[in-house]
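Open the model in your viewer and keep the selection tool at hand. Each stop below says what to pick and what is there.

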Amino acid sequence: MVKKSVMSLVLMGVLGVGFVGAETLATVTFPAPQDTPTKGKHHRKHKEAPAKPEVVDITESDFDPIKQRNPNFDFDKLKPEQKQALLEQAINNLLIEREAKKEKLDETAEFAKRMEAYKKQLLVETWAKRQAEVIGKEEIPEAKLKQYYEANKAQFVQQEAHARHILVKTEADAKRVISELNKVPKNKVEQEFIGIANKESIDPNTKNTKNGGDLGKFQKNQMAPEFSNAVFSLKPGGYTRTPVKTEYGYHVIYLISKNEPKTPTFEQAKQTIAGIIKEHKFQEYVKGELEKLRKHVQIHMAKE
């Protein structure tokens with residue numbers, strides 16, 4: 001796994017635009033608790049009417065944690081299987097929440113301590129979000145946008161590649177894989193690569209799907225720099241002759257295809273540039289505020 005984002009969170013990459021109102025998405029019916037019948041001569045023999053079940057609705061508010069991570073969350077724009085997966089997770093959460101309350105876990109000292117820690121973190125995030133929103137509304141002069149574009153044009157070059165990789169734990173393992181590929185005729189290298197990937201790669205995606213290490217198509221900036229540099233230096237049909245080390249382990253990479261690099265025009269890149277400048281401005285603002293605040297406090301690391 002080499003993509004910068006957490007690719008296992010598939011849903012995060014397909015969330016749409018806009019968040020609709022608190023619509024009821026599903027209804028969960030729980031059987032109402034029934035009294036244990038009293039034994040003895042006074043016990044009624046006729047059947048009692050069944051107790052009405054408790055009905056609990058699941059609405060979009062139950063997906064607030066996802067919304068907080070991705071403001072563009074829109075349940076209606078998900079694929080049917082993604083909707084179902086989210087609903088199943090919401091039902092599971094609801095069931096566990098009910099059991100936790102029955103066990104009065106929300107009244108424990110541990111719960112109170114963790115809630116206090118969460119409140120502190122939420123305050124930090126809310127403060128940062130508010131500052132970011134203010135900076136986000138600012139207009140960046142056209143001249144400044146153009147200046148950034150000209151000075152960083154190479155940063156906006158777009159090139160897409162389609163590659164496979166084999167991820168192993170050690171450099172020795174990677175060298176052994178490369179040695180095996182070196183013995184195969186050129187027209188059979190990809191087939192051999194797929195076989196080795198399915199058998200030996202420790203990439204979770206490959207292990208689960210047996211997809212031959214297929215990473216799909218990606219832009220250069222979507223991957224770790226050392227991985228991308230290796231990929232885009234290859235020719236289609238070629239593979240890396242030395243192991244590529246990343247934080248995940250050692251990779252052997254096979255390039256299926258890549259297109260010609262394209263540099264977007266200033267107009268095409270303008271919105272991206274505005275976002276980059278605002279992000280830099282936000283980081284500098286936070287840094288400056290922290291420097292000012294630190295001048296008024298003396299930090300003492302106290303033991304609990």
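Start with Ser-228. Leaving aside residues up to four places away in sequence, Ser-228 touches Lys-220 and Met-223. Keep in mind that this is a predicted model. Ser-228 sits in helix α8, residues 225–232. Is Ser-228 buried or exposed? At 1% relative accessibility, Ser-228 counts as buried.

**The whole chain**

Zoom out and colour by secondary structure. The chain has nine helices and six strands. Of its 304 residues, 28% are buried. Residues 24 or more positions apart account for 74% of them.

**The sheet**

Select the four strands β4, β3, β6 and β5. In that order they form an open sheet with antiparallel pairing. Which strands stand at the edges? They are β4 (214–219) and β5 (244–246). Each has a single partner strand, so one side of each is left without a neighbour in the sheet. Look along the sheet next. Neighbouring strands are turned by 45° against each other on average, direction ignored. As background, strands of a sheet pair through backbone hydrogen bonds, either parallel or antiparallel.

Now pick β3, residues 160–168, and β6, residues 249–258. They pair in the antiparallel sense over eight bridges.

- Leu-167 has His-251 in β6 as its bridge partner.
- Arg-164 has Tyr-254 in β6 as its bridge partner.

Glu-160 stands opposite Gln-219 in β4. Eight of its nine residues are buried, so β3 is largely enclosed by the rest of the structure.

Which residues of α6 are buried? Val-189, Phe-193, Ile-196 and Ala-197 are. Turn the view to look down the helix axis. The buried residues of α6 fall within an arc of 105°, so they line one face of the helix. The face turned away from that buried side carries the exposed residues Gln-191 and Lys-199. What covers the buried residues of α6? The cover includes β3, α5, α7 (204–209) and β6.

**The cores**

Select Ile-166, Val-177, Leu-181, Val-189, Phe-193, Tyr-239 and Val-252. These have the most contacts inside the largest nonpolar core, which has 15 residues. β3, α5, α6 and β6 each supply at least two residues of this core. In general, nonpolar side chains tend to be buried together in soluble globular proteins.

Centre on Tyr-239. Not counting residues up to four places away in sequence, Tyr-239 touches Ile-178, Leu-181, Asn-182, Val-189, Leu-234, Ile-253 and Tyr-254.

Then move to Met-223, Phe-227, Phe-232 and Leu-234. They are among the 14 residues of a second, separate core. Met-223 is also one of the residues that Ser-228 touches.

**Two lysines with positive phi**

Select Lys-104, in the loop between α2 and α3 (109–136). Its phi is near 60°, a positive value in a residue other than glycine.

Next select Lys-210, in the loop between α7 and β4. Lys-210 is not a glycine either, yet it has a positive phi of about 50°. At 48% relative accessibility, Lys-210 counts as partly exposed.

**Last stop**

Finish at Ile-91, in helix α2, residues 80–102. Its relative accessible area is 22%, so Ile-91 is partly exposed; the buried class ends under 20%. Draw a C-alpha to C-alpha distance from Ile-91 to Asp-62. The two are 29 residues apart in sequence and 9.6 Å apart in space.

Methods:
Residues are numbered from 1 along each chain as its sequence is written. This is a predicted model: local features need pLDDT of at least 70, side-chain atom pairs count only at pLDDT 80 or more; totals for chains, interfaces and linings use all residues. Side-chain values use heavy atoms; hydrogens and water are left out. Two strands pair if DSSP finds at least two bridges between them. Axes are lines fitted to C-alpha atoms, for helices over the stretch in contact, and angles run from 0 to 180 degrees between N-to-C directions. A nonpolar core is a set of buried Ala, Val, Leu, Ile, Met, Phe, Trp, Tyr and Cys residues joined through side-chain atoms within 4.5 Å. Buried means under 20% relative accessible area, exposed over 50%, partly exposed in between (1.4 Å probe, protein chains only). Contact means heavy atoms within 4.5 Å. The arc is that of the directions from the helix axis to the C-beta atoms.
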